[in-house]
Amino acid sequence: MRRPIAAILVSLCGLAGLAWAQDVPLSPAVEQRLGAAFLSDEERKCLRVFHGLWEDADLDTPARRAEAALCAGAIDHRWLHDAEAPLLDRAEAALLRGELNEALELLAGETSIRGIRLRADALAGLGRFADADAALDSLVEVMFTQQLDALQLVEGARGLLLRMQIRGPARGDGTDYRQVLSLINKARDEMDRLAWPVRLAEAELLHSRHNADQAAAAAIETLSLNPRCVRAWSLLGELKVGGFDFDGAEQVAAQMDKIAGAFDAISADAQVIRVRSLLRQREAELAAEPLERLFGAYPMHREGLALSAAVAAGCFDDARTSALLAQFDELSPAHPLALYQVGRVQSETRQYEAAASSLEAAHQRMPNWSAPLIELGLMEMQSGHDDLALDALRRAMALDPFNARAANSMRLIEQLAGFARFESEHFIVRYRPGVDEVLAREMPAVLERIHARVCGNAAGGIDHEPSRKTVIELMPTHEAFAVRITGMPNIHTMAASTGPVIAMESPREGAGSQIGSYDWARVVQHEYTHTVTLSRTRNRIAHWMTEAAAVHLEDSPRDADTWKLLAHAFRNDALFDLDEINFAFVRPKKPTDRSQAYAQGHWMYEFIIERFGPRAPLDLMDRAAEGVPPDRAFQAVLGLDHAQFLAAFKLWAAQQLRSAGLLLPEGTPKLSELLEPWASSWAAAGAAPDATARLEALHAIERNYPDQPEVLEAIILELSRQADGEPTEELLPLLERYAGLCPVDDLPHRLLARWYLTRADRAEQLGAIPHLEFLDARDTTGASFAAQLAELYLRSGDFERAWLKAERATTVAPFDAGLREQAARAALMLKDYGTAERHIEALTVLEPDREQHRKRLDAVRAMRASNSGG
């Protein structure tokens, strides 16, 4: 039985995408311990049970049976109700089931250190914190007067942690935490390196301080010492949920189901992980099933009862939330757990006022527990109340100075206090003084144009204004940006909206930057659309629709890769339905799922506007704000249920793909079919065709199918390959034809732009302009196309277009001195001295040692003054 368990452990701990994932075989030291020749049969059985490697024959005493059931999470198994089973195992099982009064009855008069700790936990769970604190007095006495083994020392450490939650730290410098950690380290390093409860306690302590990597390492080591330890699996599940690895979380839950299922039991921890996962995915409505399984087995389960109230909050059902909080209080009066869980979910769903109320109430119930204060501080950061965030985080850090998430966030808040700002009618731009001022100074004018578009009532506009100014925070490094959004230094994007606040990484190259230059205006227009749609819908908009509206309001054409992704999904009948698309954002099954969800959502949004009018998406948003379920909202606004909508959308999508040259007309054979006769001939000859043979075949097909875009594309690629990727004169008419047949593909435009730009005749180079315009309109990552266009327009004498492109280039790459030079030159050609002054002034910041910039700045100011005076 040992080997299959170890194999399961290896497969699940090796999940891709986690920094701490690794293969974890059973510890060789455990195998060596179990194989020791001096062990009696009874000792070996006890060790197998202790290390989670039991066989059926080992479970032949009440003590070993109870220990195995407790380890596996079968906490209501008959073996844990057996009067002959160890009292402490029975009491701990009752505690885990939420039957706290039964646990107290069992523990009456118990003087062992584990018994005292369990009794204190039960009292605290009932909200009897003073009684729990008093009970821990005897635990402290035992710890300082008796010689303890590793397991007893860990039980004592758990009791001390509970006392810290109740009383608060004796000192505010982290001494208490270090002392507890030193006890755990002593138990591990000096007493028993194979005692898995020691490593489990360490993992749980690190996890409570948001030290995910070290917590995961300790949990994995726990499992290498005991592969059936459900509590270690549960901690890994929590980490998976926290890291948005929802498939990994489900795999962990399934493993816990399997372990408990061997005892015909329901794993409470597995159901809790599933509920947490659904809440994190903002799919609270789907949590009813795991909650039903949980309460069917363990109706008093305290964590489950708290999460059920959180689920109601995630469904925006205030009345049910209040009722479930009241129900929790009947069982555990004055306990903060349910309020804390509700507040976390309210924060994640941007119910910021309600979250503040819930988390503050949780804090008041247990003032020395840092968790509600940490969540409150992070929530206030998200909602743009930095003064309140700093107050909450400082209070949290006084209680818990080693909490990584709180420490990261507080450092950032303190840094933000030193940020400067620019303010406009609808925005506040905050930035770190220094070079970022170059961009920050220019942002308000761009942002106000964004506001007019997004909040306006032109086609696609949201026709709504947020009730307060939106704060744009220009973060100097990627790490600072990540902490601003999540409280931790890792996140894989460059900008994000939390509603009232949009944080963005400064588009600078160099150390501390993950992205470099990017089209920040387009990105912020996307994020601001989230701010506005969330405001209009009171945060109830479906995930796919808020992303669809945001992509639509980027006001940029779909690029070739996105078109091809959609075409592939369409041809393979892989378009998402309206339930699948929401999961694809947060729980993608394939690497392309998230990208397809963005693209398909936008495509469906376009369809809604075209077929039902520009007010239709807004009417759907308003139904969402009223709490109308999405399918009913579609029927009310569009006259179609989800299935009917998807069928109509697919008919429209087919027409779109045919117009784009990505779906062949009915009856037109595909290239692979057209090549079959040649492929058969080549196969019969036993040799792969050379380039000449391939081209001959393609040209022969082209003569019969001149408008088949796949054929033309294949010829272009073959000729380009033969020319080492360079365009040739022979290609020009083919490229022009292909651009007409497949107007969304960037291939012909890239090759044609390169052809014209490499001409010796400067006038002929201007032929690149339409192709560079095509490419620039779809580019989000750099300024090269815009800069090339600005130069060509300057050369052609079209100074207005030169100025527009130079402005776009400096928007995308605001810290590029060369682009600033170009933009100043374009502005001067238009006699726009104010714009020229702005760019030259930026140059004095970007290159402060170049005296030439200051002289030019003085000159342009003089020209501006002279022009004004004239």
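This is a predicted model: local features need pLDDT of at least 70, side-chain atom pairs count only at pLDDT 80 or more; totals for chains, interfaces and linings use all residues.
Student: Which helix gives the most to the lining of the largest cavity?

Tutor: The lining includes Met164, Pro169, Arg171 and Leu399, and also Thr175, Asp176 and Tyr177. By class, the lining residues are five nonpolar, two polar and three charged. With three residues, the helix that gives the most is α10 (residues 175-191).

Student: And the second largest pocket: which residues lie nearest its centre?

Tutor: This pocket holds about 810 Å³ of space, and its lining has 10 nonpolar, four polar and 13 charged residues. Helices α24 (437-455), α26, α41 (769-777) and α43 (799-812) each supply at least two residues of that lining. Of the 27 lining residues, those nearest the centre are Val446, Arg449, Ala521, Arg808 and Thr811.

Student: Now helix α13 (residues 230-242). Why is it called largely enclosed by the rest of the structure?

Tutor: Look at which residues of α13 are buried: among them are Val230, Trp233, Leu236, Leu239 and Lys240. The helix reaches 18 Å from its first C-alpha to its last, close to the 18 Å expected at 1.5 Å a residue. It counts as largely enclosed because of its buried residues, 10 of the 13.

Student: Which residue with a positive phi follows α13?

Tutor: Helix α13 covers residues 230-242. The residue to look for after α13 has a phi near 60 degrees, and it is Phe244.

Student: What about α45 (residues 833-846): what distance separates its end C-alpha atoms?

Tutor: Buried residues of α45 include Tyr833, Glu837, His839 and Leu843. The helix has 14 residues, so at 1.5 Å a residue it should span 20 Å. The separation of its end C-alpha atoms agrees, at 20 Å.

Student: On to the strands. How many bridges join β1 (residues 420-423) to β2 (residues 427-431)?

Tutor: A hairpin of three residues connects β1 to β2, and the two strands run antiparallel. You can follow the pairing by eye: Ala420 stands opposite Tyr431, and Phe422 stands opposite Val429. The number of bridges is four.

Student: β2 has another neighbour, β3 (residues 470-475). Which residue of β3 is the bridge partner of Arg430?

Tutor: β2 and β3 pair in the parallel sense, over five bridges. In β3, the partner of Arg430 is Glu473.

Student: Which residues of β2 lie on each of its two faces?

Tutor: In a regular strand the side chains alternate between the two faces of the sheet. Five of the five residues of β2 are buried, so the strand is largely enclosed by the rest of the structure. Both faces are covered, with Phe427, Val429 and Tyr431 on one side and, on the other, Ile428 and Arg430.

Student: What kind of aromatic pair do Trp54 and Phe263 form?

Tutor: The structure holds 19 aromatic pairs. In this one the ring centres are 6.1 Å apart and the planes stand at 70 degrees; planes over 60 degrees apart count as edge-to-face. The two residues are 209 residues apart in the chain, and both are buried, Trp54 at 3% relative accessibility and Phe263 at 8%. So the pair is edge-to-face.

Student: Phe427 and Tyr528 also pair. How many residues apart in sequence are the parts they tie together?

Tutor: This pair is tilted, with 4.9 Å from centre to centre and 55 degrees between the planes. Phe427 is buried at 1% relative accessibility, and Tyr528 is also buried at 1%. Since Phe427 lies in β2 and Tyr528 in helix α26 (residues 520-537), the parts tied together are apart by 101 residues.

How values were computed: Residues are numbered from 1 along each chain as its sequence is written. Side-chain values use heavy atoms; hydrogens and water are left out. On a 1 Å grid over the protein atoms alone, a cavity is a set of points where a 1.4 Å probe fits but cannot get out, and a pocket is an open set with protein on both sides within 12 Å along at least five of seven lines; lining residues have an atom within 4 Å of a point. Ala, Val, Leu, Ile, Met, Phe, Trp, Tyr, Cys and Pro count as nonpolar, Asp, Glu, Lys and Arg as charged, and the others, Gly among them, as polar. The expected span of a helix is 1.5 Å times one less than its number of residues. Buried means under 20% relative accessible area, exposed over 50%, partly exposed in between (1.4 Å probe, protein chains only). Two strands pair if DSSP finds at least two bridges between them. Rings of Phe, Tyr and Trp (its six-membered ring) pair if their centres lie within 6.5 Å; planes under 30 degrees apart count as stacked, over 60 as edge-to-face and the rest as tilted. Grid points are joined across faces, edges and corners, and a volume is the space filled by probe spheres set on the points.
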